[in-house]
Amino acid sequence: DPYAVFVATGSTPVTPSIQGIDARNVMKVLDHYFALDKVGKKVVIIGGGQAGCEAGLHLRKLGHEVTVIEMGPKLAPDANYRHWTGIMDFLDTQKVETYVNTKCTEITETGVKAVDKGGKELFFEADTVLYAVGMRSNPTMHKELYPLATFVYEIGDCAKPAMVKQAIYNGYFTAMNLE
């Protein structure tokens, strides 16, 4: 007979609609941390948000050649300013190749085809392609839980994908506001 239930079912990675996304040399950015032995020497990361940039730095420090492709005009726009300046500095000093305003059009067995803002076609050689194009909320259970408690709250990534800090604040303040 709970008074309140917090639903924190998290989020799932968005899979972009790109030809070749299901190829054997492609994986979600988060999966590479658990499969480093499957990551080749040359890596292209599709998505230059904080997750993509940090994965690129991680792999570069392990000796991989890394290229990060971002469709928007700025790398890691989701990082707070202090963290962003550090990421940009490390991307430069670690010699991670980065491209902004560049859209991936196809993934092949040998790399990634893309087009830049001016319409120029580009090709980036890759043994492994990672994608980090965002997360989608996973609010799968909350409706079934309504009859079980007076209050049912979706918190964290279940409500809206965000950084860990925001998820912790969301859970904390939701709990503090219980009557």
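In this predicted model, Phe 173 is partly exposed, with a relative accessibility of 48%.

**Aromatic pairs**

- Across the whole structure, a search identifies seven aromatic pairs.
- One of these is formed by Tyr 81 and Trp 84, which count as stacked because their planes are at 25°, and planes under 30 degrees apart fall in that class.
- The ring centres of Tyr 81 and Trp 84 are 6.1 Å apart.
- Both residues belong to helix α2, which covers residues 81-93; as they are three residues apart there, about one helical turn separates them.
- Tyr 81 is exposed, with 62% relative accessibility, whereas Trp 84 is partly exposed at 22%.
- A cluster linked by ring pairs comprises Tyr 3, Phe 6, Phe 151 and Tyr 153.

**Charges over rings**

- Trp 84 also has a charged group over its ring: the charged end of Lys 74 is positioned 4.7 Å from the ring centre.
- A corresponding arrangement involves Phe 90, where the charged end of Lys 61 sits over the ring at 4.9 Å from its centre.

- Ser 11 lies in strand β2, which spans residues 11-13.
- Ser 11 counts as buried because its relative accessibility is 18%, and the limit for that class is under 20%.
- A polar contact of 3.0 Å joins the side chain of Ser 11 to the side chain of Asp 157.
- Leaving aside residues up to four places away in sequence, Ser 11 touches Met 135, Arg 136, Ser 137, Asn 138, Asp 157 and Pro 161.

**Cysteines**

- How many disulfides does the model contain? The count is zero.
- Cys 104 takes part in no disulfide, and the nearest cysteine sulfur, belonging to Cys 53, is 16 Å away; a disulfide would require the two sulfur atoms to be within 2.5 Å.
- Is Cys 104 buried or exposed? With a relative accessibility of 9%, Cys 104 is classed as buried.
- Cys 158 is also buried, at 1% relative accessibility.

How values were computed. Residues numbered from 1 in each chain as written. Predicted model: local features only at pLDDT ≥ 70, side-chain atom pairs only at ≥ 80, totals over all residues. Heavy atoms only, no water. Buried < 20%, exposed > 50% of the residue type's maximum accessible area, 1.4 Å probe, protein only. Phe/Tyr/Trp six-rings, centres within 6.5 Å; stacked < 30°, edge-to-face > 60°. Helix = DSSP H or I, 4+ residues; strand = E, 2+ residues; numbered from the N terminus. Lys NZ or Arg CZ within 6 Å of the ring centre and 35° of its normal. Polar contact = N/O pair within 3.5 Å; in protein donor to acceptor, adjacent residues only side chain to side chain. Contact = heavy atoms within 4.5 Å.
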